Amino acid sequence: MSIRTPPTLEELSRQALLRKEALAISALEKLPNMLFPALFKEAFNRRCTGMVKAMVVAWPFPYLRVKGMMNTFNSEIFHAVLDGLDVLLTQQVCPTRGELRVLDFWRVPCDFKTIQTGTEDGVCSVETVSVKQAGKPPPTHELRPQMKMRVDLNFSSELEEEGMYFVQWARQRKDSLQLCCENVKIVLLSLDNVRKVLSVFKPKHIKVLELSIDWSWCTLAQFSTYFPKMRNLHTLYLVCRHENRFGIRGLPRLDEKKFVQKLASQFSGLSGLQHLYLRGFCFFSEHVKLLLRNLKTPLETFSVTHCPDLQSHLKDFALCPCLHQLKHLDLSGPLLRNLSIVPLSVLLEMGADSLETLELQGCKIKDSQFRELLPALSQCSQLTKVNFYSNDFSMNLLRDLFHHTANMSKMTMEQYPAPQECYDEWENISIDAFSQLCSQLMDTLRAIRQPKRISFATYLCDFCSQRCVYDQVTRLCSCLQ
């Protein structure tokens with residue numbers, strides 16, 4: 001029977017204060033600074049909205065991170081924080097107690113050591129409000145520095161009520177509040193609403209943009225005119241949510257090619273881009289070449305997944321200098337069966353000294369094709385992760401692959417397909433063969449080097465969309481349990 005640790009005197013004091021919210025608010029003026037962080041967290045978790053608002057106003061440190069304390073979004077608490085910020089924004093001179101300069105809504109864990117020291121980083125600087133903005137204060141008072149609010153934005157479908165409220169709230173205060181948004185996720189939002197968001201939150205502050213859309217090529221090309229304004233963007237996700245939306249077989253129609261060309265040309269404005277993710281898009285080779293030519297700096301991450309015509313672009317990838325120093329390469333999804341993947345071998349050779357993760361899941365690559373990659377793959381000594389699930393490898397090919405990875409001491413995760421010998425002629429898995437053969441392969445690899453985390457998996461089940469996985473023990477999909 002476990003013994004419950006009794007609450008400390010400080011914890012009991014906080015609980016007693018919050019039971020009498022009006023008394024607690026009146027006591028903030030004399031509350032020692034060191035007690036503020038814990039009391040704020042307690043009030044936040046207990047949803048004491050009046051106390052939260054008052055503590056934002058009286059916050060004795062320059063920096064307050066709020067989002068890290070939100071396990072789930074709570075409208076009342078959110079509004080209480082904004083109301084407290086409004087009180088500060090209406091004050092023309094520095095308040096007698098409050099020192100808050102930066103209110104942070106980033107989705108990262110809350111660190112009260114950071115709160116108490118008042119440290120923060122980011123591209124946004126804290127500036128002093130001009131006399132014209134704040135009104136001319138009495139000469140005996142110090143000008144109030146401009147407040148800064150840092151947020152992550154995540155909008156799904158059309159702007160919901162809370163999202164619309166926040167955008168409108170921010171728009172009304174953008175002259176007195178420095179708004180800084182570094183991470184933006186937009187899912188199935190109309191271009192008009194995206195424009196509303198970007199009219200308030202300046203594109204120049206965005207570092208990570210995830211755009212999951214079902215737009216036409218014309219609409220996407222219109223949006224791409226924002227790219228040159230995103231001079232700090234280092235990570236871009238472009239996800240097509242609907243297959244075959246962009247013309248027959250996903251390729252643009254002839255009358256849409258000019259829009260694709262415009263989109264590709266706008267990549268020249270992303271001078272700081274380091275990580276590029278494209279999912280579900282189909283391009284003509286000429287547009288891929290144009291996009292690659294417009295990349296200004298070497299990429300660290302290049303992910304092109306679920307692109308049906310990927311095989312026609314492999315040569316273009318291999319010839320692009322910006323892809324020769326990759327740390328992460330993901331070409332999962334398209335079928336590469338019966339096609340030459342020599343260009344992929346060239347790409348691996350060019351990035352052999354830097355490549356850390358390689359993912360070729362679901363490509364249905366056969367033994368004869370993959371053997372062409374083995375010499376180049378063996379040179380990639382920096383690899384820490386490989387994922388080759390859902391490829392057509394035999395026992396012999398997997399053994400050869402293990403021998404070619406003998407010098408990969410940094411490998412921490414390895415995911416291999418179940419050998420073809422596990423399936424019958426109708427591609428049904430034999431559970432006994434799967435367990436036995438994967439155990440043998442595990443022993444083979446251990447005789448070569450000591451793997452840290454390794455697994456073998458079957459194709460996805462047609463009925464439950466799960467895999468049978470072997471990683472020391474056999475775990476079956478739902479249908480076979």
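Me: Is phenylalanine 402 buried or exposed?
Reply: Buried, at 0% relative accessibility. Buried means under 20% relative accessible area, exposed over 50%, partly exposed in between (1.4 Å probe, protein chains only). This is a predicted model: local features need pLDDT of at least 70, side-chain atom pairs count only at pLDDT 80 or more, and totals for chains, interfaces and linings use all residues. Residues are numbered from 1 along each chain as its sequence is written, and side-chain values use heavy atoms, without hydrogens and water.

Me: And tyrosine 416, buried or exposed?
Reply: Tyrosine 416 is buried too, with a relative accessible area of 1%. Phenylalanine 402 and tyrosine 416 form an edge-to-face aromatic pair, 5.1 Å centre to centre with 70° between the planes. Rings of Phe, Tyr and Trp (its six-membered ring) pair if their centres lie within 6.5 Å; planes under 30 degrees apart are stacked, over 60 edge-to-face, the rest tilted.

Me: Which cluster do ring pairs make?
Reply: They link Phe370, Phe388, Phe393, Phe402, Tyr416 and Phe456.

Me: New topic. What sits over the ring of tyrosine 459?
Reply: The charged end of lysine 364, 5.2 Å from the ring centre. The rule: NZ of Lys or CZ of Arg within 6 Å of the ring centre and within 35 degrees of the ring normal.

Me: Why is strand β6 called largely enclosed?
Reply: Five of its six residues (235-240) are buried, so the rest of the structure largely encloses β6. Strands (E, at least two residues) and helices (H or I, at least four) are DSSP runs, numbered from the N terminus.

Me: Which residue of β7 stands opposite leucine 238?
Reply: Leucine 278.

Methods. Two strands pair if DSSP finds at least two bridges between them.
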